[in-house]
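Take a look at the sequence and the model below.

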Amino acid sequence: MAPCKKHAYDAEFKLKAISHAVEHGNRAAAREFNVNESMVWKWRKQQDNLRQVKKTQRSFRGNKARSGLTKELQPLDIGVNRAFEARLRTAWERWMTEGEHTFTKTGRQRRATYVTICQWIVNAWADISVSTVVRAFRKAGIVTEMPDNTSNTDPDDDFDETEPAMLDAVFAQLFNSDTEEEEFEGFLDEE
């Protein structure tokens with residue numbers, strides 16, 4: 001089967017197909033202009049925007065965000081993920097150097113268990129301070145002032161080995177359970 005060639009249609013063509021579809025329906029417009037009916041339907045949804053672009057513009061993929069907006073649109077990517085990944089990497093490196101490992105018959109080291117990796121993730125998130133998250137949103141301009149219960153003293157690069165916060169008993173039991181005998185039936189609503 002030969003690959004299907006994609007066609008790029010200019011705004012004027014799309015607008016003609018739309019006006020034909022308004023009079024005769026999407027299926028008739030699709031047959032008349034030799035395009036798929038779903039394309040006519042999509043163009044009709046874009047009709048207002050298509051009227052505003054140059055008639056010779058071939059592709060229209062909607063309004064795109066300006067480049068360089070990661071800081072404003074993804075504050076956690078800027079301010080939190082680096083600290084989280086550093087803590088996660090430290091846990092992995094500690095496991096690689098100090099952990100007890102098992103090996104395959106060919107002598108290859110087995111990977112960390114899912115339980116171990118989940119515990120690394122829980123501990124890494126627990127080590128991220130509230131002020132680090134708030135500071136990320138402040139850098140993005142989403143939050144303008146610090147809440148009363150946070151301090152602005154610890155820098156983003158500050159990474160010390162502290163005790164992770166304790167999990168609620170229910171979550172700890174779920175994370176630390178190695179058996180599959182019990183089926184999880186969801187959390188009960190406490191009234």
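Buried means under 20% relative accessible area, exposed means over 50%, and partly exposed lies in between (1.4 Å probe, protein chains only). By that cut-off, buried residues make up 24% of the 191 residues in the chain. The model is predicted, so to speak of local features requires pLDDT of at least 70, side-chain atom pairs count only at pLDDT 80 or more, and totals for chains, interfaces and linings use all residues. Residues are numbered from 1 along each chain as its sequence is written, and side-chain values use heavy atoms, with hydrogens and water left out.

What is the secondary structure of the chain? It comes to ten helices and zero strands. Helices (H or I, at least four residues) and strands (E, at least two) are DSSP runs, numbered from the N terminus. Along the sequence the pattern reads α-α-α-α-α-α-α-α-α-α. Contact means heavy atoms within 4.5 Å. Of the contacts in the chain with a separation of 6 or more, 56% join residues 24 or more positions apart.

Start with helix H2, residues 26–33. Asn26, Ala29, Ala30 and Phe33 are buried there. They cover an arc of only 100 degrees around the axis, so they sit on the same side of H2. The arc is that of the directions from the helix axis to the C-beta atoms. The buried residues pack against helix H1 (11–24) and helix H3 (37–45). Turned away from the buried side is a face with the exposed residues Arg27, Arg31 and Glu32. Asparagine 34 follows H2, and its phi is positive, near 55 degrees.

H1 and H3 also meet each other. Two packed helices are described by the angle between their axes and the distance between the axes. Axes are lines fitted to C-alpha atoms, for helices over the stretch in contact, and angles run from 0 to 180 degrees between N-to-C directions. The axes of H1 and H3 come within 9 Å and cross at roughly 100 degrees. H1 is therefore roughly perpendicular to H3. Angles under 35 degrees count as roughly parallel, over 145 as roughly antiparallel, 65 to 115 as roughly perpendicular and the rest as oblique. H1 brings Phe13, Lys14, Ala17, Ile18, Ala21 and Val22 to the contact, and H3 brings Val40, Trp43 and Arg44. By class, that gives seven nonpolar, no polar and two charged residues. Ala, Val, Leu, Ile, Met, Phe, Trp, Tyr, Cys and Pro count as nonpolar, Asp, Glu, Lys and Arg as charged, and the others, Gly among them, as polar.

Now move to helix H7 (residues 81–98) and helix H8 (residues 114–127). They pack at an angle of about 140 degrees, with their axes 9 Å apart. H7 and H8 are therefore oblique to each other. On the H7 side, the contact residues are Asn81, Phe84, Arg87, Leu88, Ala91, Trp92 and Trp95. They meet Thr116, Trp120, Ile121, Ala124, Trp125 and Asp127 in H8. This contact has nine nonpolar, two polar and two charged residues.

Two loop residues remain. Lysine 54 lies in the loop between helix H4 (47–52) and helix H5 (70–73). Is lysine 54 buried or exposed? It is exposed, with a relative accessible area of 61%. Lysine 54 and glutamate 12 are 42 residues apart in sequence and 8.4 Å apart in space, C-alpha to C-alpha. Arginine 108 is in the loop between H7 and H8. Its relative accessible area is 64%, so arginine 108 is exposed. Beyond its neighbours within four places in sequence, arginine 108 is in contact with Thr102 and Phe103.
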